[in-house]
Each structure stands twice: as structure tokens, then as C-alpha cells.
Amino acid sequence: VPFAAGKAIRNRADATVNDVVLELCTGALRAYLVAHDEPIEGRTLKAIVPVSRRTEGEHGATLGNKVSLIVADLPVGVDDPVERLALIHAQTSELKASGIADGVEAMVSAAGELTLLAAPLARVLSKSIPMNLVITNIPGPPVPLYVRGARVLRAYPYVEVIDNEGLTIAVLSYDGMMSFGITSDLDVMPDLDLVATGIELEAQQLATALSGRSTT
């Protein structure tokens with residue numbers, strides 16, 4: 001997905017790029033459930049989402065871990081992509097401003113300083129927090145990189161699935177593109193191509209829906 005497209009959607013909808021990523025995943029998962037004849041009316045999926053806690057002036061500075069985790073409800077039961085994005089934005093804004101985010105940030109920071117605790121902490125969180133999947137959006141280099149003179153064309157993230165979780169969607173921005181790395185437990189979701197194509201289709205549908213509304 002072109003990064004510029006994500007920023008354009010963000011600007012039209014008064015949301016963040018991370019909100020747009022969550023909506024694209026929500027729309028793709030809604031389509032996946034429909035393709036498998038699963039009920040979706042009024043349904044939500046719970047996603048663990050790492051979020052940056054840096055202020056605008058702290059971006060790019062070396063200040064240690066400034067990351068928290070939130071559990072976002074993905075409204076797969078809502079048909080309108082613009083409404084889904086608005087619901088996600090309102091929810092993530094509230095969660096990031098809450099005291100819960102402060103507490104989890106402290107835990108993540110401690111795990112970062114004590115590396116041996118990081119993996120056990122992730123397992124504890126995955127078992128103690130009701131969730132369906134993990135979605136993580138990582139900003140990468142905005143300019144092209146080279147290896148022995150050869151330009152790196154694409155960079156795809158990989159994040160494994162953890163205990164009590166069947167799907168991880170990782171997003172990495174690089175040189176004007178957002179690449180989605182999708183990992184699943186094959187016993188739970190063997191047909192990940194449906195999710196991948198669903199994300200691309202959802203990006204087109206969301207952009208079209210927002211464009212149509214901005215001109216009326």
C-alpha cells in the first residue's frame with residue numbers, strides 16, 4: 001500500500017496513520033469472515049496494538065522505550081468503512097490517553113531494560129488479555145537503502161504468533177510504501193492470501209468512500 005495513500009486517508013478522515021492501518025485490517029478481516037460464512041453482525045475482534053507514547057517533539061530522539069499496548073476492538077460488524085475508521089479513531093484516542101496506557105508503558109519499559117523478561121512478559125500478556133490477534137505498525141526508513149550498491153526494493157516485516165493467538169499483522173513503512181507481513185497459525189488460518197488481498201481492496205474502498213464524501 002503506498003504510504004502517501006495512507007497519509008491522504010488520514011488527512012481526509014482526521015485520524016492517524018495507525019488508525020488507518022487498523023481499519024484496513026478490520027475491513028480485510030470482515031471480508032475474511034464473510035468468505036467463511038461466519039456471523040459478523042454486531043461482532044468485534046480484539047487486537048493487541050503497540051502504540052508510541054512519544055510526544056511530537058520526542059520523535060527521532062534517543063529516549064529509551066516510549067511504547068505502550070492497547071487492546072482495540074475492531075468493528076468487523078460495521079459495514080461502512082468510514083464509520084469503522086471513525087469508531088477506531090475515537091477508541092484509540094481514548095485508550096492512549098488513559099491511565100491503563102501509562103501502566104503498560106512502564107511494564108514495557110522495564111521489560112526493555114531487562115531483556116530476559118521481555119519474552120515471558122509477552123506470554124503473560126497474551127494469556128491474561130482476551131484477544132484475537134496482534135497488529136503492529138513500525139515506521140521504517142523513508143528513503144531507499146542499498147546493499148553493496150543494489151537498491152532494496154521492498155522490506156517486509158515478520159512477527160511470529162505468540163501463545164493464545166492465531167494471527168499477527170505487522171506493518172513496515174519503507175521508501176513510500178507500507179508493507180504488510182501476515183503470520184498465522186496454519187491450523188487456525190491457512191488461507192492468508194484472503195487477508196492480504198482484502199487489505200489491498202479495503203485501501204481502495206476506504207479512499208473511494210472518503211473521496212466521495214468530501215465532495216458532497
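**Exercise 1.** With which residue does K46 form a salt bridge, and how far apart are the closest N and O atoms?

*Solution.* The structure is a predicted model, in which local features need pLDDT of at least 70 and side-chain atom pairs count only at pLDDT 80 or more, while totals for chains, interfaces and linings use all residues. Residues are numbered from 1 along each chain as its sequence is written, and side-chain values use heavy atoms, with hydrogens and water left out.

Step 1. Apply the criterion: a salt bridge is a side-chain nitrogen of Lys or Arg within 4 Å of a carboxyl oxygen of Asp or Glu. The partner of K46 is D73, with the closest N and O atoms 2.7 Å apart.

Step 2. Helices (H or I, at least four residues) and strands (E, at least two) are DSSP runs, numbered from the N terminus. K46 belongs to strand β1 and D73 to strand β2, so the bridge ties together parts 27 residues apart in sequence.

Step 3. Check accessibility, where buried means under 20% relative accessible area, exposed over 50%, and partly exposed in between (1.4 Å probe, protein chains only). K46 is partly exposed at 30%, and D73 is partly exposed at 26%.

**Exercise 2.** Is E165 buried or exposed, and which residues does its side chain reach through polar contacts?

*Solution.* Step 1. E165 lies in the loop between β5 and β6 (167-174). At a relative accessible area of 8%, E165 is buried.

Step 1. A polar contact is a pair of N or O atoms within 3.5 Å; within protein, one must be able to donate a hydrogen and the other to accept it, and residues adjacent in sequence count only if both atoms are side-chain atoms. The E165 side chain reaches the backbone nitrogen of V134 at 3.4 Å. A further polar contact, of 2.5 Å, joins the side chains of E165 and T168.

Step 2. Contact means heavy atoms within 4.5 Å. Leaving aside neighbours within four places in sequence, E165 is in contact with M131, N132, L133, V134 and E160.

**Exercise 3.** Which residues of the largest nonpolar core touch the most other members?

*Solution.* Step 1. A nonpolar core is a set of buried Ala, Val, Leu, Ile, Met, Phe, Trp, Tyr and Cys residues joined through side-chain atoms within 4.5 Å.

Step 1. The largest core has 38 residues, and L133, I135, I169, F180 and V195 touch the most other members. Elements giving two or more residues to this core include α2 (17-35), β3 (133-139) and α6 (193-214). The largest share, 10 residues, comes from α2.

Step 2. Not counting residues up to four places away in sequence, V195 touches A28, Y32, I169, I182 and M189.
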